[in-house]
Amino acid sequence: RWRALGSVLLQMARTQKNKATAHHLGLLKARLAKLRRELITPKGGGGGGPGEGFDVAKTGDARIGFVGFPSVGKSTLLSNLAGVYSEVAAYEFTTLTTVPGVIRYKGAKIQLLDLPGIIEGAKDGKGRGRQVIAVARTCNLILIVLDVLKPLGHKKIIENELEGFGIRLNSKPPNIGFKKKDKGGINLTATCPQSELDTETVKSILAEYKIHNADVTLRSDATADDLIDVVEGNRVYIPCIYVLNKIDQISIEELDIIYKVPHCVPISAHHRWNFDDLLEKIWDYLKLVRIYTKPKGQLPDYTSPVVLPYCKTTVEDFCMKIHKNLIKDFKYALVWGSSVKHNPQKVGKDHTLEDEDVIQIVKK
């Protein structure tokens with residue numbers, strides 16, 4: 001497989017990019033994605049477990065993974081943020097297992113994971129990168145910690161590692177409809193002009209996956225990589241913040257330039273500079289929704305909100321978060337806040353709640 005991977009990469013490097021070679025490149029990309037998947041998930045059972053310390057139980061309302069090269073200050077940042085003692089030393093590769101810490105912010109419990117330094121080639125099974133990225137896939141937000149003095153080449157390497165493991169940073173799933181069929185060949189429908197994909201390219205990519213009957217709908221200008229992501233179906237789309245550490249070692253002018261980089265927060269983990277800005281950005285990217293509860297005849301409890309992910313904010317989701325039996329006895333809910341037209345408003349279980357709404361459940 002390693003040899004096959006090398007030969008595919010060599011062919012891709014030698015192929016000129018133009019209209020005539022588009023379907024051939026698409027085929028090679030599909031072959032590459034398949035080989036990488038096989039290298040990541042070895043065939044056959046047996047073998048050791050995932051490795052000590054990598055099976056951290058998910059607790060709290062959200063999980064954030066700290067990813068970065070050795071000695072960029074991940075452990076210092078984690079211990080200063082959470083007060084969790086993660087072994088800190090001035091030599092590389094101190095953290096060899098994931099170290100969990102928990103912070104409370106705006107009423108939400110957020111789990112922080114210091115993932116051991118990812119090295120180049122982790123996605124190809126080098127180092128302990130495979131287990132590290134497996135944990136990274138379960139995070140709600142990834143913080144890529146970079147040393148402001150070392151070139152942003154580190155950023156590119158880490159992004160490539162995560163991409164190779166099916167993690168897509170700060171992007172949405174491709175707007176492509178894909179449905180396998182038993183017969184009828186490949187039906188391609190495009191609702192807008194396509195610059196890269198045509199019927200021949202789509203057929204050659206799907207043939208690599210031994211798919212000869214399917215309906216494909218392209219709802220945006222899609223690339224071969226987008227189609228491969230949809231066919232592979234195991235991609236995760238995670239927001240990401242680039243944390244540029246050690247700003248105490250650069251000038252004000254350089255700092256002004258850094259502030260213009262998108263998804264970027266400059267900090268000094270050692271001096272605890274700019275943590276407020278970092279926490280605020282973390283909150284924005286997690287998109288958590290806080291719901292306050294109000295027992296009958298009492299004031300709302302503003303101290304411990306029920307925290308929901310932004311994609312699951314119906315009254316039913318709220319009930320399920322508290323206890324699954326609550327939905328069985330559910331009659332209706334009274335809601336105060338921005339999601340209703342008048343306060344309080346009587347709503348059913350399908351009503352969508354918004355941040356800082358107050359809710360009272362009425363049972364049958």
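Analyst: The axes in question are lines fitted to C-alpha atoms, for helices over the stretch in contact, and the angles run from 0 to 180 degrees between N-to-C directions. The model is a predicted one. In it, helix H6 (residues 199–208) packs with helix H7 (residues 224–232) at an angle of about 35°, and their axes lie 11 Å apart.

User: What makes the contact between H6 and H7, and how many of its residues are nonpolar, polar or charged?

Analyst: Contact means heavy atoms within 4.5 Å. From H6 the contact is made by Val-202, Ile-205 and Leu-206, and from H7 by Ala-224, Leu-227, Ile-228 and Val-231. By class this gives seven nonpolar residues, with no polar and no charged ones. The crossing of the two helices, H6 and H7, is right-handed.

User: Which residues of H6 are buried?

Analyst: The buried residues of H6 are Thr-201, Val-202, Ser-204, Ile-205, Leu-206 and Glu-208. After H6 comes Lys-210, whose phi is positive, near 60°.

User: Why is S3 described as largely enclosed?

Analyst: Strand S3 is described in that way because six of its seven residues are buried.

User: What makes S1 mostly covered, and which residues lie on its faces?

Analyst: Strand S1 (residues 62–68) has seven of its seven residues buried. Both faces are covered, with Ala-62, Ile-64, Phe-66 and Gly-68 buried on one side, and Arg-63, Gly-65 and Val-67 buried on the other.

User: How do you know that S1 pairs with S3 and with S4?

Analyst: Two strands pair if there are at least two bridges between them. Five bridges join S1 to S3 (residues 108–114), and these strands run parallel, while S1 and strand S4 (residues 141–147) also pair in the parallel sense over five bridges. Towards S3, Ala-62 stands opposite Ile-110, and Ile-64 has Leu-112 as its bridge partner. Towards S4, the bridge partner of Gly-65 is Ile-142.

User: What is the order of the five strands in the open sheet, and what makes S13 and S15 edge strands?

Analyst: The order is S13-S12-S16-S14-S15, with mixed pairing. Strand S13 (301–309) and strand S15 (345–347) are the edge strands, as each pairs on one side only. Neighbouring strands of this sheet are turned by 40° against each other on average, direction ignored. Helix H10 (residues 315–322) packs on the sheet, where H10 touches S12, S13, strand S14 (330–336), S15 and S16, and its direction makes about 110° with that of S13.

User: How do you know that S12 pairs with S16?

Analyst: Again, pairing requires at least two bridges, and three bridges join strand S12 (residues 288–293) to strand S16 (residues 357–363), which run parallel. Within this pair, Tyr-292 stands opposite Val-358 in S16.

Conventions. Residues numbered from 1 in each chain as written. Predicted model: local features only at pLDDT ≥ 70, side-chain atom pairs only at ≥ 80, totals over all residues. Heavy atoms only, no water. Helix = DSSP H or I, 4+ residues; strand = E, 2+ residues; numbered from the N terminus. Buried < 20%, exposed > 50% of the residue type's maximum accessible area, 1.4 Å probe, protein only. Left-handed = near helix turned anticlockwise from the far one by under 90°. Nonpolar A, V, L, I, M, F, W, Y, C, P; charged D, E, K, R; others polar.
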